[in-house]
Amino acid sequence: MSVLNIQFECLQFFLPLRQLILFARGEEAKKVVQETQEVLALLEEAFVKCSKGKAYFGGDSIGYIDITLGSLLGWLEVGEEVANVKFLDQSKTPGLVGWAKKFRLDDAAKEFIPEAEKLKQTVKMIQAMAKASLK
């Protein structure tokens, strides 16, 4: 799997997740959760192939793909809370679970992971603005 393909999968992962966090409810939310889980399964496969048993997508050190996907970890956490689901699950995505733990612990990588609490505040503000615009 090429770097561009992995970057595309990261984008595919984020767009439905954004929809889930901001607007999706009920049946639409279930569909978005399913789509997100499918993309995470593809990313798990990509991680296994690219990392070749190492800690990160590119091997022993954090690279561009790690930063790209790692910057979405805060959003993923918010999505998990909104949907009441665990996206990074040891039984379904063990490689990504381990990768995320290692990425979050890296001092240099921490600056790329937005804090979930700040993201939640941003989501509430966007939802309020959207609701106000419908009036």
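Here is a short tour of some helix contacts, a pocket and a salt bridge.

Before you click anything, know that this is a predicted model, where local features need pLDDT of at least 70, side-chain atom pairs count only at pLDDT 80 or more, and totals for chains, interfaces and linings use all residues. Residues are numbered from 1 along each chain as its sequence is written, and side-chain values use heavy atoms, leaving out hydrogens and water.

**Stop 1: α2 and α5.** Select residues 26–51 for helix α2 and 94–105 for helix α5. (Helices are DSSP runs of H or I, at least four residues, numbered from the N terminus.) Their axes come within 8 Å and cross at roughly 75 degrees; axes are lines fitted to C-alpha atoms over the stretch in contact, with angles from 0 to 180 degrees between N-to-C directions. That makes α2 roughly perpendicular to α5, a label for angles of 65 to 115 degrees. Now show Leu40, Leu43, Glu44 and Phe47 of α2, plus Pro94, Gly95, Leu96 and Trp99 of α5, which make the contact (heavy atoms within 4.5 Å).

**Stop 2: a pair inside α2.** Pick lysine 30 and glutamate 27: their side chains meet in a salt bridge, 3.4 Å from N to O. The term means a side-chain nitrogen of Lys or Arg within 4 Å of a carboxyl oxygen of Asp or Glu. The two are about one helical turn apart because they sit three residues from each other in α2. By this rule, the count comes to 10 salt bridges.

**Stop 3: α4 and α5.** Show Leu73, Gly74 and Glu77 of α4 with Trp99, Ala100, Phe103 and Arg104 of α5 to see who makes the contact.

**Stop 4: the largest pocket.** Which residues line the largest pocket? Select Leu73, Leu76, Glu77, Glu80, Lys86, Leu88, Val97, Ala100, Lys101 and Arg104. On a 1 Å grid over the protein atoms alone, a pocket is an open set of points where a 1.4 Å probe fits, with protein on both sides within 12 Å along at least five of seven lines; lining residues have an atom within 4 Å of a point.

How values were computed:
Parallel < 35°, antiparallel > 145°, perpendicular 65-115°, else oblique.
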